[in-house]
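Open the model in your viewer and keep the selection panel at hand. The stops below run from the whole chain down to a single side chain.

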Amino acid sequence: MPRKAKEYPEEGEFVVATVKSIHPYGAFLKLDEYPGKEGFMHISEVASTWVKNIRDFVKEGQKIVAKVIRVDPSKGHIDLSLKRVNQQQRKAKLQEYKRAQKAENLLKMAAEKIGKDFETAWKEVWVPLEEEYGEVYAAFEDAAQNGMEVLEELISEEWIEALKPIIEAYVEIPTVTIDAEFEITVPSPNGVEIIKEALIRARDRANEEKEIDVKFSYQGAPRYRIDITAPDYYKAEEVLEDIAEEILRVIKEAGGEAALIRKEKRIKKIKRRGA
């Protein structure tokens, strides 16, 4: 089970917790990411509406996402809230927890490879990477995308060598895909050929750059769709601007007109598979 490098959660933090015991006035929960730590959720923090029976909202053994509203390390007290967690926050926290589980599994594979137990791996790898990146899987993503050298000052060469093939084989790198449409018209007998050549030239030039993927598709005259996949949103935007500038220039020189119609970005993941 993934656990945090720090001893106590911070106020305002979202945590994954398991309901341990339920009482008329509230519930005690085990903090899954903080071994040995429990939190208390008063009945007033269970739901925004009046709660007659707390068991209508939570059950023993149930895993929930709660918000930390107070922490007193000197007394070991942690107060939690369920009603202060919206659906988006719950989804984001569960996604973070799943990423931590993936990172833990990969680290266990590396530890087994070099004959070390997970407690040692946690101290030598998990703690420094979490402190630097906020979460270990983010460190693995950075290494997969930019090379294992990004971890050199954080963990030993032994761990880097053990993790390298595992990260290459299993780590999913998040990428951003943005799409837009061009409205292009060229009032000449060979207008279609001019448009096609301009799109192909812009696509091929962009695709020469590593980790950039550009695709055009015909939507029906005079519209052409472009999809750009890049490591991050800013790079995708930069590529789109360059392509738009090139297309507008070529079409204008041919006596035509072109306009860029923006769309929204979307996130997807590309799985890296090692040799």
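Accessible areas here come from the Shrake-Rupley method with a 1.4 Å probe, and for residues only the protein chains shown count as cover. On that basis the chain exposes about 15400 Å², of which carbon and sulfur atoms supply 49%. This is a predicted model, in which local features need pLDDT of at least 70 and side-chain atom pairs count only at pLDDT 80 or more, while totals for chains, interfaces and linings use all residues. Residues are numbered from 1 along each chain as its sequence is written, and side-chain values use heavy atoms, with hydrogens and water left out.

Start with the whole chain as a cartoon. Six helices and nine strands are present (DSSP runs numbered from the N terminus: H or I of at least four residues for helices, E of at least two for strands). The C-alpha trace spans about 80 × 55 × 25 Å along its principal axes.

Next select residues 12-83, where UniProt, in an unreviewed entry, places "domain: S1 motif"; such annotations may be inferred rather than shown by experiment. This span is 50% strand and 0% helix, with its end C-alpha atoms 13 Å apart.

Now pick Lys37, in the loop between β2 (26-31) and β3 (38-42). Is Lys37 buried or exposed? Its relative accessible area is 14%, so Lys37 is buried (under 20%; exposed is over 50%, partly exposed in between). Beyond its neighbours within four places in sequence, Lys37 is in contact (heavy atoms within 4.5 Å) with Glu7, Tyr8, Leu29, Lys30, Leu31 and Ile78.

Finish at α6, residues 233-253. Its buried residues include Leu240, Ile243 and Ile247. Just after α6, select Gly255, which takes a positive phi of about 85 degrees.

Definitions and conventions. The expected span of a helix is 1.5 Å times one less than its number of residues. Buried means under 20% relative accessible area, exposed over 50%, partly exposed in between (1.4 Å probe, protein chains only).
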